[in-house]
Amino acid sequence: VGLLYDYGQGSDGANRTALWTLTSSGSGFGKPVKVWDSAGSISWDWGRSKVVSGDFDGDGRTDVGVLYGNGQTSDGANRTALWTLTSNGSGFGAPVRKWDSAGSISWDWERSKVTSGDFDGDGRTDVGVLYDNGQGADGVSRTALWTLTSNGSGFGGPVRKWDSAGSISWSWGRSELT
């Protein structure tokens, strides 16, 4: 089991987050082991993190993915990024940004619910995002499902795979992903 843990903000203003794992023995779990810590390398705000897991690079080991909310840019565009922490079997590498909405689309992290799975059947885990498109003037709720497909070393940009527009009113706020 992987746990992203919030250490809060240090006196220097940097946010500190760590990744801990609990390894299964088959009948229980061992004590938590810290396998990555943002201290001293990057300011990582736990409150801007939505975590998923899967074998994103296809090597047979479970990696950690984080959809991270970067807030708004100076032009008012929302910025969101997808990071992965890749397992090496005994720990995890530092987070690596694999996709970033900056310069392409305004992606509001707060309107995103994230999941993972091998959606294209290639043996690598992809990332799915249920996105809240709000309500139209007619009061109809609109929600879309996007996927970011893993190629083993990164992810393609988000592709809309389903959209409730024109078919049904779908409330994002009443939806949970599995």
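How many salt bridges does the rule give? The count comes to 10 salt bridges, a salt bridge being a side-chain nitrogen of Lys or Arg within 4 Å of a carboxyl oxygen of Asp or Glu. The model is predicted, and local features need pLDDT of at least 70, side-chain atom pairs count only at pLDDT 80 or more, and totals for chains, interfaces and linings use all residues. Residues are numbered from 1 along each chain as its sequence is written, and side-chain values use heavy atoms, with hydrogens and water left out.

An open sheet of four strands has the order 4-5-6-7 with antiparallel pairing; two strands pair if DSSP finds at least two bridges between them. Strands are DSSP runs (E, at least two residues) numbered from the N terminus. Strand 4 (49-54) and strand 7 form the edges, each pairing on one side only. On average, neighbouring strands of this sheet are turned by 25 degrees against each other, direction ignored; the axes are lines fitted to C-alpha atoms, and angles run from 0 to 180 degrees between N-to-C directions. Strand 5 (residues 63-72) and strand 6 run antiparallel and are joined by seven bridges. Val66 stands opposite Trp83 of strand 6.

Among the salt bridges is that between Asp100 and Arg79, at 2.5 Å from N to O. Asp100 belongs to strand 7 (residues 96-100) and Arg79 to strand 6 (residues 78-85), so the pair ties together parts that are 21 residues apart in sequence. Asp100 counts as buried because its relative accessibility is 18%, whereas Arg79, at 24%, counts as partly exposed. Here buried means under 20% relative accessible area, exposed over 50%, and partly exposed in between (1.4 Å probe, protein chains only).

Arg61 and Asp59 also form a salt bridge, with the closest N and O atoms 3.0 Å apart. Arg61 is partly exposed at 34% relative accessibility, and Asp59 is partly exposed at 33%. In the salt bridge of Arg111 with Asp108, the closest N and O atoms are 3.8 Å apart. Arg111 is partly exposed at 33% relative accessibility, while Asp108 is buried at 18%. Salt bridges that share partners join Arg16, Lys34 and Asp37 into one network.

Val1, Leu3 and Phe29 make a nonpolar surface patch of about 300 Å². Patches comprise residues with over 30% relative accessible area and no salt bridge, like charges being joined within 9 Å and nonpolar side chains (Val, Leu, Ile, Met, Phe, Trp, Tyr) within 5 Å. Accessible areas come from the Shrake-Rupley method with a 1.4 Å probe; for residues, only the protein chains shown count as cover. Phe29 is located in the loop between strand 2 (15-21) and strand 3 (33-37), and its relative accessibility of 52% is why Phe29 counts as exposed.
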